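Biologist: I'd like to learn how to read helix packing. Can you walk me through it?

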Amino acid sequence: MTWLKRQLVGRPLTNARLGQTALPKWLALPVFSSDPISSVAYATEQIVLVLALGGAAFLSLALPVAGGVAVLLVVLVASYRQTIAAYPNGGGAYVVSRDNLGRRPALVAASALLVDYVMTVAVSVTSGVVAVTSAFRSLIPHAAVISAVVIVLLALVNLRGLRESGRAFAVPTYLFIALTYLLFLVAGGRAVFADLPDAESASLPVEQTTSVAGLLGAVLVLRAFASGCTALTGVEAISNGVPAFRPPRTRNAAATRTWRACRTCTSSACSPASRCPRPAWSGTGRGP
């Protein structure tokens, strides 16, 4: 068992060698950004799906809702940049709440984070497996097994250490970022030249069954905003991991947080525009 453990998670490091595991910014980004990057991948989809309940006219609100999420992210990033400066040894929600509000609020914050981390892994992996099985439909019966195997592999990679997991996640993370912006460029170019394709369902008839306006419309928009806030998961990870950065730690952590925020904001704001096809029917707030 000891041999197997060494092969899977590597050998333990002495305290004297811990400095060798400090992360440069380019490796810290995929380590601490995999959570929000995966969340952005489906957060904007959830905004569109919720707004679609109000009819085609409500889809035009996808971009403003995503913009609101991006504004909230900017506020959180500004707050956590101050936290990084105030807590150079790491300061997440638990530490900050304990120092400023007391033990019980800190435990509430810590409990919420534990639930958030578990749900993020479950939802992110499931979302990725759904995307894969939609392309290879023969894998649909094995979706649950594939999800479990992916989670086990992620756990093993992380157990090998920050530096090793950073190297393992760097290529897929940067590849995903590059493909995302390529999608935005292609969609923007085709939109300028009026070459965007219609959705497969654009020609289907739409029946007006109920009116979505007033308080119900406001609730729908707020629900879409709440669904889009899943893009904010993992926003405090860098604040917790300041000691993992190379010196000067606080400066490198703050710079990495800014890079991640810029990427998240642009993805949150641009994704709805690329996800919303041109509908063949334009309603006035009527539900399908």
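Modeller: Let's start with contact, which means heavy atoms within 4.5 Å. Helices are DSSP runs of H or I, at least four residues long, numbered from the N terminus. This is a predicted model, where local features need pLDDT of at least 70, side-chain atom pairs count only at pLDDT 80 or more, and totals for chains, interfaces and linings use all residues. Residues are numbered from 1 along each chain as its sequence is written, and side-chain values use heavy atoms, with hydrogens and water left out.

Biologist: Which residues of H2 meet H7?

Modeller: From H2 it's Trp26, Leu27, Leu29, Pro30, Val31, Ile37 and Ala41, and their partners in H7 include Phe169, Tyr174 and Ile177.

Biologist: At what angle do H2 and H7 pack?

Modeller: Two packed helices are described by the angle between their axes and the distance between the axes. Axes are lines fitted to C-alpha atoms, for helices over the stretch in contact, and angles run from 0 to 180 degrees between N-to-C directions. H2 (residues 25–51) and H7 (residues 162–192) pack at about 50 degrees, their axes 7 Å apart. So H2 is oblique to H7; under 35 degrees counts as roughly parallel, over 145 as roughly antiparallel, 65 to 115 as roughly perpendicular and the rest as oblique.

Biologist: And how do H4 and H5 cross?

Modeller: Helix H4 (residues 93–100) and helix H5 (residues 103–135) cross at roughly 170 degrees, with axes coming within 7 Å. That makes H4 roughly antiparallel to H5. Tyr94 and Arg98 are among the H4 residues in this contact, and Leu107 and Leu113 among those of H5.

Conventions: Helices (H or I, at least four residues) and strands (E, at least two) are DSSP runs, numbered from the N terminus.
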